[in-house]
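Student: I've got a model open and I'd like to learn how to read helix packing and chain contacts from it. Where do we start?

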Amino acid sequence: MTVAKIELIGVKKRFGKKQVLDGINLKIDKQSSTVIIGGSGTGKSVTIKCILGIITPDEGTILIDGVDVTHLRGAARDAVMRKFGMLFQGAALFDSLTVWENVAFGLIQGRGMNRNQAKDIAIQKLAKVGLGSDVAYLSPAELSGGMQKRVGLARAIAADPEIIFFDEPTTGLDPIMADVINDLIVSTVRDVGATALSITHDMVSSRKISDRIAMLYGGKIIWDGPTSQINQSGNDYVDQFIHGRAEGPIKMAVKA
Amino acid sequence: MNIVAGIGRAVLALLASLGRIADFTIRSVTSIVSPPIYGRLIAVQILRIGYFSLPVVGLTALSTGAVLALQIYLGGNRYGAEAIVPQIVVLGITRELGPVIAGLMVAGRVAAAIAAEIGTMKVTEQIDALTTLATNPIKYLVVPRLIAAVVSMPILTAIGDSIGVFGGYLVATQNLGFTGSIYLKNTVDFATRQDIMSGLIKASVFGFIVALMGCYHGFNSKGGAQGVGAATTSAVVSSCILILAADFALTALLFHTA
């Protein structure tokens, strides 16, 4: 039996009175691409942040390569973090650094690589996401939203991570740029040979970048299966969500 | 009953807040002694916190020294004690006004800037990005600012003290009829090593407070622009209050007066 690359067992997280995650169970195989779908505020970002160790779950276990990382701290956590790359929703580029310094950040600060060597790698990774070396010396504020996402993607793959997380990769982009980013995600994940976990509510993006989809609702994974079978899920919640219908079992909360 | 519950909630919120500040302080201080140490970032912060605060601290010190000389002369005049102007100016500036004025000026300028910068990084997920890039945000953002503030503030205060004494000298010699050489001799003869060192120790502590409050409120900012604005205000207000409280405690401790 092969060990899952990422496994969540009964993960729970509460903020104040709100139970955001209520026992998440999810297995993600090595070199697969999984997308977690779900409405706004259903806990998709919290799930990823729990795996990354940015948020500590109240209950449950998170395994990476079969090793419990739920409560890791210090050097042990740093070692796990070196397996990860992440593309943030707003790219989260450091505005005090140039584009190449952003891309090379994990190599220089996280792995102690010398600046010249890291700069060469950064420029190679920028080329991989379709950006020329002239962009390397600009500051993030000089880039468009789409270019910032590309730089964020270059930063996510700079250290050839084993697992890449994508947080709403196409949000805020026009449809053409969204498709460009989707193509880049598919090609870079394939080239790096990484396992990908994305969260989005963009169904076009979900279908394109994933081979498996899981739907989060009410703090639980209510459906999990191959992307090709999502239209035949037989789950009313999934059907309502993927077709974007106002009518159905999911009632949108007017107040938080 | 509602009043009692309200007071209870307020006390619990205050205790929770104190607990969070204590936890943040311990994590920050323990991070200072463990590698990696980001030397380049410390140098950048010394430039921002120390060097770029020089004009505002120098100007306020000059004005404070000048006003102090004038007030002491006018007050002393009532008892025929005008001659003590240089002694009281140097004592007041080095022990008290130099570090406190520098602390408050740096609190206004630096605590606000730190809280705004780190707060913006928080709400735009740049701090989460640091974590995903295997970089400890406390070590990368807080430690360099703490070290820079603790090192810069005494230097800034020493320069401010000199400018403040010079402000008193200018007023005394130009307006109040003091002889320059006698004024300087009285100043140098009267000031002790303890007067100067106590002010510099205070300045270091004030620097720590300013950087810590800026970082703490930045790290705990929530929401968007409004949250960053609130964090900036809280950083300045809490820095100023803590500086004044620490000033009293340090004066009592250093001069055994309490």
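Tutor: Start with contact: two residues are in contact if their C-beta atoms, placed from the backbone, lie within 7 Å. Helices (H or I, at least four residues) and strands (E, at least two) are DSSP runs, numbered from the N terminus. This is a predicted model, where local features need pLDDT of at least 70, side-chain atom pairs count only at pLDDT 80 or more, and totals for chains, interfaces and linings use all residues. Residues are numbered from 1 along each chain as its sequence is written, while chains are lettered from A and ligands numbered from 1 in the order written.

Student: How many helices and strands does chain B have?

Tutor: Nine helices and zero strands. Along its principal axes, the C-alpha trace of chain B spans about 65 × 55 × 35 Å.

Student: What is the mean pLDDT of chain B?

Tutor: pLDDT is the predictor's confidence in each residue, from 0 to 100. For chain B the mean is 91, and 99% of its residues reach 70 or more. The complex gets an ipTM of 0.85 and a pTM of 0.85 from the predictor.

Student: At what angle do H6 and H8 of chain B pack?

Tutor: Axes are lines fitted to C-alpha atoms, for helices over the stretch in contact, and angles run from 0 to 180 degrees between N-to-C directions. H6(B), residues 137-174, and H8(B), residues 193-219, pack at about 145°, with axes 7 Å apart. On the H6(B) side, the residues in contact include B:Leu141, B:Ala149, B:Met153, B:Pro154 and B:Asp161. Those on H8(B) include B:Gly199, B:Ala203, B:Phe206, B:Ala211 and B:Cys215.

Student: Which classes of residue make up that H6(B)/H8(B) contact?

Tutor: Ala, Val, Leu, Ile, Met, Phe, Trp, Tyr, Cys and Pro count as nonpolar, Asp, Glu, Lys and Arg as charged, the others, Gly among them, as polar. Here you get 16 nonpolar, five polar and two charged residues.

Student: Parallel or antiparallel: how does H8(B) run relative to H9(B)?

Tutor: H8(B) and H9(B), residues 225-255, pack at about 155°, with their axes 9 Å apart. That makes them roughly antiparallel, given the cut-offs: under 35 degrees is roughly parallel, over 145 roughly antiparallel, 65 to 115 roughly perpendicular, the rest oblique. Among the H8(B) residues that meet H9(B) are B:Ile201, B:Val205, B:Ile209 and B:Met213; from H9(B) come residues including B:Ala235, B:Leu242, B:Ile243 and B:Leu250. The class tally is 13 nonpolar, seven polar and two charged residues.

Student: Which domains does chain A have?

Tutor: Going by an automatic or database assignment, domain 1 is 1-83 + 163-256 and domain 2 is 93-160. Ten residues of domain 1 touch twelve of domain 2. On the domain 1 side, H6(A), residues 175-192, gives the most, with five residues.

Student: How many residues does each chain put into the A/B contact?

Tutor: Chain A puts in 15 and chain B ten. On the chain A side, H2 (74-81), strand E6 (84-87) and H3 (99-110) each give two or more. H3(A) gives the most, with four. By class, that side of chain A has nine nonpolar, four polar and two charged residues.
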